[in-house]
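Biologist: Before we talk about what the terms mean, could you put the sequence and the model up for us?

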Amino acid sequence: MQNNLFTPEIASVNVGGTVTWNWVSSDHTVTSVLSPAFNANTGVQNTGFTLGPLTFNTAGTFAYICTVHGSVSGNSTSGMAGTVVVQ
Ligand SMILES: [Cu+2]
């Protein structure tokens, strides 16, 4: 994550695959916000922090945001938001 966005914004992995988030700038969270949820609620973290590797054992679309720079409304996210697609 950098410049208040997640790169890549959409990450695709196979079932059983892993995703790791690396903070290359400060004041960001990775927070699971929609169903299906996954194990991410980091709180605000700074450069050098790492979340993961998290293993995704279930197929689905997992949405998350940075609670500082993104938002969720109903079933959609905006701002600093990302998706893990597990297939
Ligand atoms: Cu952020």
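Modeller: Let us begin with pairing: two strands pair if DSSP finds at least two bridges between them, and a strand is itself a DSSP run of E with at least two residues, numbered from the N terminus. This is a predicted model, in which local features need pLDDT of at least 70 and side-chain atom pairs count only at pLDDT 80 or more, while totals for chains, interfaces and linings use all residues. Residues are numbered from 1 along each chain as its sequence is written.

Biologist: What makes S3 and strand S5 a pair?

Modeller: S3 and strand S5 (residues 60-73) are joined over two bridges, in the antiparallel sense, and the rule asks for at least two. In S5, Ile65 is the bridge partner of Thr31.

Biologist: Why are strand S1 and strand S3 said to stand at the edges?

Modeller: The open sheet has four strands in the order S1-S6-S5-S3, with mixed pairing. Strand S1 (10-13) and strand S3 (31-32) each have a single partner strand, so one side of each is left without a neighbour in the sheet.

Biologist: Which elements does the protein chain have as a whole, and why is it called as compact as a globular protein of that length?

Modeller: The protein chain has six strands and zero helices. Its radius of gyration, taken over C-alpha atoms, is set against the globule rule, 2.2 Å times the number of residues to the power 0.38. The radius is 12 Å, close to the 12 Å that the rule gives for 87 residues, so the protein chain is as compact as a globular protein of that length. Its C-alpha atoms fill a box of roughly 30 × 30 × 20 Å, taken along the principal axes.
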